[in-house]
Every structure is written in structure tokens, then in C-alpha cells.
Amino acid sequence: MRTYELLSIIKPNIDTEEYDKLVAKIEEAIGSLGGKVTAVDKIGRKKLSYDIKDFRDGYFAVHNFEMEPENVAKFNRQLRLNENILRIMLLENSEVKA
């Protein structure tokens, strides 16, 4: 398994309860694809540097998780189909060996 970091920006027009449910839904999606969540950071509502889909701010959340590389494309597709997520950035954490 490889380690990944997901930064997601969620629409600001949902309430905090829906925000928490969406963060939990992302964790469930990771688990359903055989992954394991190692850390979750709910950053909260922040102003965006530029407008995304006519929104000036959004809720930010960061998930650190482990997953098999062949399941990452499925997970990415699931995230992009959710209409409450404005933008995602999925990075692989690779350790540099000297």
C-alpha cells in the first residue's frame, strides 16, 4: 500500500453538519476501496484565492490515508462525481531515500 494525502474544498453553502457527514463519507469511500485512513484534519471554512464555480470561500478538509495504487483512480472518480466538492488535490506521499 502507498500513502496519499487528499485536500478537498467543499461548497460553503452547506451547513457544518453536512460538512461533517461529507468528510465521514470520504472516509467510508476510502475504507470501501480497501484503504485505511491515518489522519483527518477538518480545517474549516477559508477564503479562496480565486473564485471556483462562483464561490469565494469553501470548507477545507485534509485526509491522509493508505491505499493500493490500482484503487486510486476509482476513488478519484467517486470524489469528482460528488456535486458538493468544488476541487480536490490528491498527492502521493513518497519518502525520499538517500
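**Entry 1: the sheet**

I began with Ile10 and found that it stands opposite Tyr59 in strand E3. I keep in mind throughout that this is a predicted model. I then looked up the whole sheet, which is open, has 4 strands in the order E2-E3-E1-E4, and shows antiparallel pairing. Its edge strands are E2 (36-52) and E4 (85-93), each of which pairs on one side only. On average, neighbouring strands here are turned by 20 degrees against each other, with direction ignored.

**Entry 2: the helix**

Next I turned to helix H1 (residues 16-32), which packs on the sheet and touches E1, E2, E3 and E4, while its direction makes about 30 degrees with that of E3.

**Entry 3: salt bridges**

I found that the structure holds 4 salt bridges, and I looked up some of them. Glu92 and Arg2 meet through their side chains at 3.8 Å, N to O; this pair links distant parts of the chain, since Glu92 is in strand E4 and Arg2 in strand E1, 90 residues apart. Glu92 counts as partly exposed at 40% relative accessibility, and Arg2 also counts as partly exposed, at 41%.

Asp20 forms a salt bridge with Lys42, with 3.2 Å between the closest N and O atoms. Because Asp20 lies in helix H1 and Lys42 in strand E2, the pair ties together parts that are 22 residues apart in sequence.

Lastly, I noted a salt bridge between Asp57 and Arg45, whose closest N and O atoms are 2.6 Å apart. Asp57 lies in strand E3 and Arg45 in strand E2, so this pair ties together parts 12 residues apart in sequence.

Definitions and conventions. Residues numbered from 1 in each chain as written. Predicted model: local features only at pLDDT ≥ 70, side-chain atom pairs only at ≥ 80, totals over all residues. Heavy atoms only, no water. Pairing = 2+ DSSP bridges. Helix = DSSP H or I, 4+ residues; strand = E, 2+ residues; numbered from the N terminus. Axes fitted to C-alpha atoms, helices over the stretch in contact; angles between N-to-C directions. Contact = heavy atoms within 4.5 Å. Buried < 20%, exposed > 50% of the residue type's maximum accessible area, 1.4 Å probe, protein only.
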